[in-house]
Amino acid sequence: MNRHLNTVILALGAAALLAGSLTAASTAPPSDPAAGAPRAGVGAAKAPKAAAVEPVIDVGTIPAGDKAAHDFEIRNEGEGVLMLTDVRAACGCTVASFDKTIAPGQSGKVHVIVDTLGFNGPIAKGVTVFTNDPKNPQIELTVRAKIQPYIVVDPGYARYVTVRGEGKQGNIVQTLYASDGEPMDIVKVESPFPYLTISYREAQEGERLPDVKAKQWRVEMVLSNDAAVGALIGHVTIHTNHPKQKLVQIPVSGFVRPVVAVTPPVADFGKIELKTPLHRTLDVRSFATEPIKMIGLEGQIKGIEAKLKPIEEGREYQLLVTLDPAIGKGPFYSKLVIHTDSPKSPIVEVELKGTIL
């Protein structure tokens, strides 16, 4: 009996001791920071804080062709080192250099240059600054200006739509004069293409624009009939001795067509499963002055059938291409040759390619 009583007493004592320990732990005051417990913020990385002092700047009126330059100030209002990782211009006319690191409490600069050549009137050009500031990773900067041209160009642009090999060349005439009455001479011209020739001279009686008393210049832009097939994109640059505007740019655009064009120029079937015949239609069109007839077709291989269907004889045809499962699996390539009755373009080649899965 005594032995059992002692066991009960020991068990109750142990339970009471455990309860006391839990109560002490739950009511103990917070750890003393001085005793080694971590404090909020201690050991955390110090962050930078990027701020543009003046994100939008207006540089006022700029003569056309001049460069508008400005240094944007970027402040680091944080505690960590601010890093400018990149600066990207919104358009190709803007060039930027920049300070890559800025210490806490210090300022850095982003140098922006806007080339105003080819612009007229109000403009706004921007750059994006990328930073390591977690709360402000991008900063937008903008340069505003009003571009004042002092040289008038009439019509001020040149657009050509021609056919390679045709006898007629493309000739567009421009008239230039100084709107402010300053004496102005053309001293040099630059062409964007070897097949676009530029000549200039003072405009003669009958060539001058009416009601313009200033000295006028006649600029002739001649596109050769052997110009490369494709799009025309560029600028003719004219150098002058005008005291406020040394450069003038005339945009050139348009397209030089082949005598006979196939659309699309390549029949690319891609990767396909071919269980039944597959048909594809291409357009064949003549842009020559006279009609050109399609008189023959060769180059077909096993599994590829092609034929020409006239839509307007001598002007437009359809090239009907059929792939047959007999072509077999794997990549295929063929070049169809269309024969015409014209020495300007006696043959027209069309590529066919793809992969049968």
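Trainee: How should I read burial for Phe-269, as buried or exposed?

Mentor: Burial is read from relative accessible area with a 1.4 Å probe and protein chains only, where under 20% is buried, over 50% is exposed and anything in between is partly exposed. Phe-269 has a relative accessibility of 6% and therefore counts as buried. The model is a predicted one, in which local features need pLDDT of at least 70 and side-chain atom pairs count only at pLDDT 80 or more, while totals for chains, interfaces and linings use all residues. Residues are numbered from 1 along each chain as its sequence is written, and side-chain values use heavy atoms, with hydrogens and water left out.

Trainee: Which charged residue lies over the face of Phe-269?

Mentor: A charge sits over a ring when NZ of Lys or CZ of Arg is within 6 Å of the ring centre and within 35 degrees of the ring normal. Here Arg-280 lies over the face of Phe-269, at 4.4 Å from the ring centre. Elsewhere, the charged end of Arg-88 sits over the ring of Phe-130, with 4.6 Å to the centre of that ring.

Trainee: How many aromatic pairs does a search of the whole structure find?

Mentor: Rings of Phe, Tyr and Trp (its six-membered ring) pair if their centres lie within 6.5 Å, with planes under 30 degrees apart called stacked, over 60 edge-to-face and the rest tilted. The search finds three such pairs. One of them joins Tyr-200 and Trp-217, whose ring centres are 6.3 Å apart and whose planes meet at 55°, so this pair is tilted. The pair links distant parts of the chain, since Tyr-200 belongs to strand β14 (residues 196-202) and Trp-217 to strand β15 (residues 216-223), 17 residues apart.

Trainee: Is Tyr-200 buried, exposed or partly exposed, and what is the relative accessible area of Trp-217?

Mentor: Tyr-200 is partly exposed, at 33% relative accessibility, whereas Trp-217 has a relative accessible area of 9% and is buried. Another pair is formed by Phe-269 and Phe-332, with ring centres 6.0 Å apart and planes at 55°, so it is tilted as well. Phe-269 lies in strand β19 (residues 266-272) and Phe-332 in strand β24 (residues 330-340), so the pair ties together parts that are 63 residues apart in sequence. Phe-332 is buried, at a relative accessible area of 8%.

Trainee: What order do the strands take in the open sheet of five strands?

Mentor: Strands of a sheet pair through backbone hydrogen bonds, either parallel or antiparallel. Strands are DSSP runs of E with at least two residues, numbered from the N terminus, and two strands pair if DSSP finds at least two bridges between them. This open sheet runs β2-β9-β8-β4-β6, and its pairing is mixed. Its edge strands, β2 (56-63) and β6 (101-102), each pair on one side only. Strands β2 and β9 (residues 138-148) run parallel and are joined by six bridges, and Thr-61 stands opposite Lys-146 in β9.

Trainee: Which residues lie nearest the centre of the largest pocket?

Mentor: On a 1 Å grid over the protein atoms alone, a pocket is an open set of points where a 1.4 Å probe fits, with protein on both sides within 12 Å along at least five of seven lines, and lining residues have an atom within 4 Å of a point. Of the 18 residues that line the largest pocket, Phe-119, Asn-120, Val-153, Val-248 and Gln-249 lie nearest its centre. The elements giving two or more residues to this lining are β10 (151-154) and β17 (247-257), and β17 gives the most, with five residues.

Methods. Helix = DSSP H or I, 4+ residues; strand = E, 2+ residues; numbered from the N terminus.
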